[in-house]
Amino acid sequence: MDLETFREYCLAVKGAGESLPFLGNNVLVFKVMGKMFAMVPLEPRDGVIRAHMKCDAEYAAQLRESYGGIGPGFDPRSDTWYTLTLESDVPERLIRELIGRSVSEVIRALPKYRQEEYRRMP
């Protein structure tokens, strides 16, 4: 999957938005309800585009064992993020599912009233 397709899938999520919030404007961030569910460095050192997304730790470990294109997250102290190489052995249908799971992780961590607010969004 190329970056533009990944971006389109992220922006198709209910309530999703994108921004370049970090100094240097070289990391594209996708948020829902003001919380980050995916980010993509736009100028990777090795030229390989990778996305970082949220996931429960157990499933993230299974993904790392199953796909060469999925590795540890950007923060070695956190097991709730993983790194996805966009153009890799990870099928497009799974990437779409992973985007949805990342959003679900974000929504689940919100206070109950914010979860309900999200559910009521058109």
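This briefing describes the strands, aromatic pairs, nonpolar core, helices and turn residues of a predicted model.

Because the model is predicted, local features need pLDDT of at least 70 and side-chain atom pairs count only at pLDDT 80 or more, whereas totals for chains, interfaces and linings use all residues. Residues are numbered from 1 along each chain as its sequence is written, and side-chain values use heavy atoms, with hydrogens and water left out. Helices (H or I, at least four residues) and strands (E, at least two) are DSSP runs numbered from the N terminus. Residues are called buried under 20% relative accessible area, exposed over 50% and partly exposed in between, with a 1.4 Å probe and protein chains only.

- Strand β2 (residues 27-32) has 5 of its 6 residues buried, so it is largely enclosed by the rest of the structure.
- Strand β1 (residues 16-19) pairs with β2 in the antiparallel sense over 4 bridges, where pairing requires that DSSP finds at least two bridges between two strands; in this pairing A16 stands opposite V32 of β2.
- On β3 (residues 35-41), β2 has an antiparallel partner joined to it over 6 bridges, and V29 has M39 of β3 as its bridge partner.
- The strands β2 and β3 form a hairpin with 2 residues between them.

**Residues with positive phi**

- M33, which lies in the loop between β2 and β3, has a positive phi near 55° although M33 is a residue other than glycine, and at 12% relative accessibility M33 counts as buried.
- N25, placed in the loop between β1 and β2, is not a glycine either and has a positive phi of about 50°; N25 is partly exposed, with a relative accessible area of 47%.

**Aromatic pairs and charges over rings**

- A search of the whole structure finds 3 aromatic pairs, counted when the rings of Phe, Tyr and Trp (its six-membered ring) have centres within 6.5 Å, with planes under 30 degrees apart called stacked, over 60 edge-to-face and the rest tilted.
- F6 and F30 form an edge-to-face pair, 6.1 Å centre to centre with 80° between the planes; F6 lies in helix α1 (residues 3-11) and F30 in strand β2, so the pair ties together parts that are 24 residues apart in sequence.
- The rings of F30 and F37 have centres 6.3 Å apart and planes at 40°, so this pair is tilted.
- Ring pairs link F6, F30 and F37 into a cluster, and the relative accessible area is 0% for F6, for F30 and for F37.
- K14 lies over the face of Y118, at 4.4 Å from the ring centre, and R101 lies over the face of Y59, at 3.8 Å from the ring centre; the criterion places NZ of Lys or CZ of Arg within 6 Å of the ring centre and within 35 degrees of the ring normal.

**The largest nonpolar core**

- The largest nonpolar core has 31 residues, of which F6, F37, Y82 and L84 touch the most other members; such a core is a set of buried Ala, Val, Leu, Ile, Met, Phe, Trp, Tyr and Cys residues joined through side-chain atoms within 4.5 Å.
- At least two residues of this core come from each of α1, β2, β3, β4 (50-54), α2 (57-66), β6 (81-85) and α3, and α3 gives the most, with 7 residues.
- Contacts of L84 (heavy atoms within 4.5 Å), leaving aside its neighbours within four places in sequence, include F6, I49, M53, I70, V90 and I95.

- Helix α3 (residues 92-109) has 18 residues and reaches 26 Å from its first C-alpha to its last, close to the 26 Å expected at 1.5 Å a residue, where the expected span is 1.5 Å times one less than the number of residues.
- The buried residues of α3 include L94, I95, L98 and I99, as well as S102 and E105.
- E97, which is found in α3, counts as partly exposed at 37% relative accessibility; E97 and Y9 are 88 residues apart in sequence and 10.0 Å apart in space, C-alpha to C-alpha.
- Q115, found in helix α4 (residues 112-120), is buried with a relative accessible area of 8%, and Q115 touches I107, R108 and L110, not counting residues up to four places away in sequence.
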